[in-house]
Amino acid sequence: METEYSQFNILNKQTTKCGIEKITVDKCCFKKFISHLKNSAEFEANILYSVMACDTSDCIELNYNLFSEKLNRYLIITVLTDRNNPVCDTVTDLYKSAAFDEREIFDMFGVFFEGHKNLTRLLMPNSSVGNPLLKDYNFQKERSVHYETDL
Amino acid sequence: MKPICDSDMIINIGPQSPALYGSMKLAIKLNGEIIKSVESVIGYNHRGIEKLAESLTYLQYLPVVNKIDYLSGFMYMEAYCSAVEKLCDINVPERAQYIRVMLMELNRISSHLFYLGVYLSDLGSKAQFYFAFTLRDEILHILQDICGQKIMQNYFVFGGVKHDLDLNALNKICDFCSSFSQKVKELENLIIDNPAFKARTKGLGIITKNKALSYSLTGANLRSAGINLDIRKIKPYLVYDALEFQVPIDDSGDCFSRCLLRIREMIESLKIIRQCSRFLIKSSGEYKNNDVNPLQIHPQSNTVISHVESPRGIISCTIISDGSDKPSRVKWRTPSLYSIQILPELLKNRYYSDITAIVGSLDIVVSEADR
Amino acid sequence: MSILLKPIDTIYNWARANSLTPLIFAASCCSSEILSLSAYDNNNIICFDNDVTLGNPRNADLLIVAGAITHKNAPVLLRLYEQMPEQKYVIAMGSCACSGGVFRHNSYTVLGGADKIIPVDIYLTGCPPEPRALQKAISKLKDKIMAETISMRTKYLDSHTTDFVLSENQEILNSVNKQREE
Amino acid sequence: MEFYLGKMILSLNLQDYFTFVVLYTAEFLIILFFLLISAFSADYAEKYIFSLLKKKNLSARLNVCNSLKILANSFKLFFKEIIVPDKSVKIAFFLAPAILLISVLFIYSLIPYNTDFCVNKADSGLVSLISLILLFSFGITLGGISSNSNFSILGAMRHCVQLISFSVPMILTFMGVAVLSSSLSFPQIVISQAKYDILSWYIFPSFLGFVVFFIISSAIVNRSPYNFSNAKSELADGYKTEYSGVNLAIINLSEFSLFFIINMISVILFFGGFLSPFGVYVADWFSAGSFYYIILTVEQMFWLFAKTIFLIFFTLLIQTAFPRLKPVNLASFSWKYLIPVSIINILIVCVIKIVFGGFYV
């Protein structure tokens, strides 16, 4: 597996406690890597379970949980984005289910997905300020009420 | 007065609409009775449950968990408990596992009954609603006897359950099983053999295999498209590998088959409950891992994922711990979020009156999607 | 005067107390309990209209707020309340609607209780309260209605406007008014 | 009603004028009384059926007090605030409930309650019935469009679809009855079914006609399974979404009474109206006199109402167990099946009329 994927600039590879492979890929080639996983016969990743973001102290970590329905294999692809200017490629053209996930991450973490057709806030009102799930979100400061005109 | 024809009419269903039990908005562009485009807006019930985890300890977060979805509280409890158990290497005694499985299956039946009742009442027929809700109430009363609460049961704890099931409760469940197997047939007659119901739902809202996979649908919605994916079978948790049951599957992918599969699933769940109650009556043992002190959970920094098959699809709970007594991040994968995404595609170029038939059949709980 | 008004009051109050038509502001858990009440309440308590739905604001005179009030939800609740014709009553059902419940703690979305937006007549706690508890709450509301008189109607209406409540929370009022002007 | 107007104009001397005013007021009050009674009983019947379906042991079965709920509701609505939408067409918005109530009152005046009491014994009863039912539909459409809400407009549009679907088979079934009785007036239709008691009811020769009318009768009154125009789960309250207060009370009242009256009309057309099914009356035991007439009146009214309530029971049973259909379904069903069946019905009726002509008076 390692020889085949060497072209994709894999940064780190580990197995988590519950036995799931976790591959950290460089930001520039992660989309190529995912589309390779989706189409290759070795790992037919036909379901994108969910996209999870996590705010570590120095970067925002995006976890793409892939699942192969035929081979019953589970894989996590991790991408690290810059915390000050979080930008990432969208995967909505590969998996349609990513649309809401990416909107949610844009809402909660402020990660900007390039190529997403409708990147607006999903859960919070459009007029709200700040990204609540970031660790340095200030409750008191940004808690003021903003009402939308369009219900 | 607006002109009636010529232009498209924009109609907003929701956020508080008679058709949807939960706050979701569907902004629909209509041309006559035909839907041109749909946009779904959610988040009206976003309570910040993921952020809440960061300020609570592992035990304090436990009662919040089952408020994500009011129809399948046990499933969410199980997902969270098993994630924490994996994190801290806690093992669950066999008896506790059987109790958990049995209660989860009871919960699955009650959730499906709610779905059937509400779906049929949305379509305009009330007899089935009353029938299904009377049955659901029986289950909820059994759960109330066991756990002390009707819907928000805080019964699971890390390493087992809160207290043991007594013989009285088990007998009640056995009685319920014997009466329910007859009644579910009656319900099937009322719903599946109903000509008007068939006329409304057959061949409507068809989800193909590829579409279902690409939208990441799970549960009965995916199985009705002909893909056999059930976490209980492919990656058994608790004691599901020791139990005998089948996963009903269909390949037409329309609203009718989604409804049919849920009735079949109830019958399979009944089988599981019977096996569990047989085991629980015979055996005795610990209902709880006594080594665990739930007040002092300090896992090392790690990432765990647990999957549970809920009535609506696959729930997964991801916990990232950083060595303190509070989780650093908890992420919930909720199946309803993905069911909502597929709505614009299913509703396009359909009649306005098909909205209730399609939205209802997907079994969407909006508060689950919003978190 | 009050002797003359007494029979009128009796009929007026009886008619209102015995035909409470609910509008359900359903957000989460408690809405399922209302449904299960409608499934086995034989139209004794409120007119569920036999159709199991959330109701129509123009037709309703009892607003049951069931679920947490979030920033995105609050304007919806206010508009529903204002769409209802006078005389109207509000029941805050469940801990979330009464005070914000477990979600209120350090939350960035949950506003608190429903009483920050609209005036509330009856608070019903529980998570979620049982159908019977809701029945009890409605019968309490009936007692409240039966004690009213027609001569105090205008005074009552004044105390049930949203301005009355929102005067404490001037910030919300201002933003809502601004929104209305636009 | 032109019958009355003519009479009024003819007799304009003062003394008669006074008696006529008293008489008409009395008749109007009687009709209003019937309308209220029927609305309450239709509502009560509906609630009773639903209470049968619900859990039995939790609270007591429906009691008499609950039937007063609709009375309380109507009374309450008279005191409630009337909200008029800003951009609505005000005149049409207030005219629509009035049209509904007036059309229902006029239909009530056509009904023969017993041998003597029929307010409007017009020779053109069936034709006026058709026009009044269409007037009712017009009122619904007017109310829906004038209130400037998308739900209302959709409801009104759907009612138009419904109108196109049900009106043609309805007229065709009426034609079958008109052929059998050789008359268009309601008293004549009832009396022509009297010859051989139950055997000469029109249900037997025009059974297909009854089936067609039974199906479309729930479409006429916007009830399940054809309640598209006030489908709660799709359109809130449909055409009456924006109505509140006393307007809503009038709409509800006329809807419930129309539901009752449609079933009463199908009793009159197919089940011999106020006639006893056995041809014998208790009143026959008494000698002729005013007492005889009182007993006979009560008995004939009893039969009319009993048959109607029996029919309503069946209608409601069907309504509870079937989901709502689509507007498209009704249109296609009507034009593909109901209209051919009702034409076949007319042919059958004509043959029967020619062969067994003497069977019906």
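Me: What is the handedness of the crossing of helix 9 of chain D and helix 13 of chain D?
Reply: Two packed helices are described by the angle between their axes and the distance between the axes. A crossing is called left-handed if the near helix is turned anticlockwise from the far one by less than a right angle, and right-handed if clockwise. In this predicted model, where local features need pLDDT of at least 70, side-chain atom pairs count only at pLDDT 80 or more, and totals for chains, interfaces and linings use all residues, helix 9 and helix 13 of chain D make a left-handed crossing. Residues are numbered from 1 along each chain as its sequence is written, while chains are lettered from A and ligands numbered from 1 in the order in which they are written. Helices (H or I, at least four residues) and strands (E, at least two) are DSSP runs, numbered from the N terminus.

Me: At what angle do the axes of helix 9 and helix 13 of chain D cross?
Reply: Axes are lines fitted to C-alpha atoms, for helices over the stretch in contact, and angles run from 0 to 180 degrees between N-to-C directions. Angles under 35 degrees count as roughly parallel, over 145 as roughly antiparallel, 65 to 115 as roughly perpendicular and the rest as oblique. The axes of helix 9 (residues 207-220) and helix 13 (residues 327-355) of chain D cross at roughly 150° and come within 9 Å. Helix 9 of chain D and helix 13 of chain D are therefore roughly antiparallel.

Me: Which residues make the contact?
Reply: Two residues are in contact if their C-beta atoms, placed from the backbone, lie within 7 Å. Helix 9 of chain D contributes residues including D:Leu208, D:Val212, D:Ile215 and D:Ala219, and among those from helix 13 of chain D are D:Leu338, D:Val341, D:Asn345 and D:Ile348. An α-helix has 3.6 residues a turn, so residues three or four places apart point the same way. By class (Ala, Val, Leu, Ile, Met, Phe, Trp, Tyr, Cys and Pro nonpolar; Asp, Glu, Lys and Arg charged; the others, Gly among them, polar), this contact of helix 9 with helix 13 of chain D has 10 nonpolar, three polar and no charged residues.

Me: How do helix 5 and helix 11 of chain D cross?
Reply: The axes of helix 5 (residues 90-110) and helix 11 of chain D come within 9 Å and cross at roughly 30°, which makes helix 5 of chain D roughly parallel to helix 11 of chain D. Their crossing is left-handed. Among the residues that meet are D:Leu101, D:Val104 and D:Tyr108 of helix 5 of chain D and D:Ile250, D:Ser254 and D:Leu258 of helix 11 of chain D. The contact of helix 5 with helix 11 of chain D divides into 10 nonpolar, three polar and no charged residues.

Me: Is helix 11 of chain D buried or exposed?
Reply: A residue is buried if 20 or more other C-beta atoms lie within 10 Å of its own, exposed if 12 or fewer, and partly exposed in between, with C-beta atoms placed from the backbone. In helix 11 of chain D, 24 of the 25 residues are buried, so the helix is largely enclosed by the rest of the structure. For chain D, 49% of the 361 residues count as buried. Chain D has 13 helices and zero strands.

Me: What span should helix 11 of chain D have?
Reply: The expected span is 1.5 Å times one less than the number of residues. For helix 11 (residues 246-270) of chain D that gives 36 Å, and its end C-alpha atoms are 36 Å apart, which agrees. D:Gly272, with a positive phi near 75°, follows helix 11 of chain D.

Me: Which residues have a positive phi without being glycine?
Reply: Most residues other than glycine have a negative phi, and most peptide bonds are trans. B:Ser216 has a phi near 60°, as does B:Asn349. B:Ser216 sits in the loop between helix 8 (209-214) and helix 9 (220-223) of chain B and is buried, with 29 other C-beta atoms within 10 Å. B:Asn349 lies in the loop between helix 13 (343-347) and helix 14 of chain B and counts as exposed, with 9 C-beta neighbours inside 10 Å.

Me: Where is a cis peptide bond found?
Reply: A cis bond joins C:Cys127 and C:Pro128, with omega about -15°. C:Pro128 is in the loop between strand 6 (122-124) and helix 5 (131-146) of chain C.
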